[in-house]
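Thanks for coming. I would like to walk you through one structure this morning. Please have a look at it first.

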Amino acid sequence: MSTTTARVRVTGFQRFGNRMMEVLHGIGLPVGPMQLLRVKGRNSGREYTNPVAPVKVGGATYILQAFPGSDWVKNVRAAGEGVLVRGRRARRVGLVEVPPHERGPIARQFPAQVPMGAGIFVKNGVVPDKRPESFELAAPDIPVFRVVPL
């Protein structure tokens, strides 16, 4: 799959789930490892919110994206920063894209740390199954951003 040409379709169910995450976090009830990432749109300047499930590897925090060609990824690349929200706590962070050749060990950890989220990668055709090896092999095509404090 080419990450530069893939067109991503978000289903109504996914939109509903994303909205529910926003509502739950808004009332102070985070769910599992989920956080919200707020990023300014690259064209509109409007703030967009997407649920994310960060992983920790070697003391650093990373965000992986199951929709490689999505506006979410394009906006993060353009903005280079955002706001991570967990419940009612928010913190401004830098988002540094990890080079493709360094993504393997990070992607390998995702199915172990976020087993429920691994299924989205399978459903979207990013990986063939939930095995860590599959994530590691697909890593060059999975956008990965290191979260850095600002």
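I will begin with the overall layout, then go through a salt-bridge network, a few contacts and a surface patch.

First, what we are looking at. This is a predicted model, in which local features need pLDDT of at least 70, side-chain atom pairs count only at pLDDT 80 or more, and totals for chains, interfaces and linings use all residues. Residues are numbered from 1 along each chain as its sequence is written, and side-chain values use heavy atoms, with hydrogens and water left out.

Now the layout. The protein chain has five helices and seven strands. Helices here are DSSP runs of H or I with at least four residues, strands are runs of E with at least two, and both are numbered from the N terminus. Read from the N terminus, the order of elements is α-β-β-β-β-α-β-β-α-α-α-β. Of the 150 residues in the protein chain, 40% are buried. Buried means under 20% relative accessible area, exposed means over 50%, and partly exposed is what lies in between, with a 1.4 Å probe and protein chains only. The areas themselves come from the Shrake-Rupley method with a 1.4 Å probe, and for residues only the protein chains shown count as cover.

Next, the salt bridges. The term stands for a side-chain nitrogen of Lys or Arg within 4 Å of a carboxyl oxygen of Asp or Glu. How many salt bridges does that rule give? The count is eight.

One of them pairs R108 with E133, with 3.4 Å between the closest N and O atoms. This pair links distant parts of the chain, since R108 is in helix α3 (residues 104-113) and E133 is in helix α5, 25 residues apart. R108 counts as partly exposed because its relative accessible area is 29%. E133 has 34%, so E133 is partly exposed as well.

E133 also has a salt bridge with R131, at 3.5 Å from N to O. Salt bridges with shared partners put R108, D129, R131, E133 and E136 into one network. Where does R131 sit? R131 is in the loop between α4 (115-123) and α5 (132-138). Its relative accessible area is 44%, so R131 is partly exposed. R131 forms a salt bridge with D129 too, the closest N and O atoms being 3.2 Å apart. D129 is at 25%, and therefore partly exposed.

D129 brings us to another kind of contact. The side chains of D129 and S134 are joined by a polar contact of 2.6 Å. A polar contact is a pair of N or O atoms within 3.5 Å; within protein, one must be able to donate a hydrogen and the other to accept it, and residues adjacent in sequence count only if both atoms are side-chain atoms. S134 lies in helix α5. Is S134 buried or exposed? It is buried, because its relative accessibility is 3%.

A second polar contact is found between the side chains of T61 and K56, at 2.9 Å. T61 is in strand β4 (residues 60-64). At 11% relative accessibility, T61 is therefore buried.

K56 leads on to the surface. Which residues gather there in a patch of positive charge? They are K56, R86, R89 and R91. Patches are made of residues with over 30% relative accessible area and no salt bridge; like charges are joined within 9 Å, and nonpolar side chains (Val, Leu, Ile, Met, Phe, Trp, Tyr) within 5 Å. Lys and Arg count as positive and Asp and Glu as negative, while His and the chain ends are not counted. The place of a charge is taken as NZ of Lys, CZ of Arg, CG of Asp or CD of Glu. R89 is exposed because its relative accessibility is 67%.

K56 has one more pairing to show. Q113 and K56 are 57 residues apart along the chain, and their C-alpha atoms are separated by 8.3 Å. Q113 is in helix α3, and at 33% relative accessibility it counts as partly exposed.

Last, P68. This residue is in the loop between β4 and α2 (71-79). P68 has a relative accessible area of 6%, so P68 is buried. P68 and D141 are 73 residues apart in sequence, and 7.3 Å apart in space from C-alpha to C-alpha.
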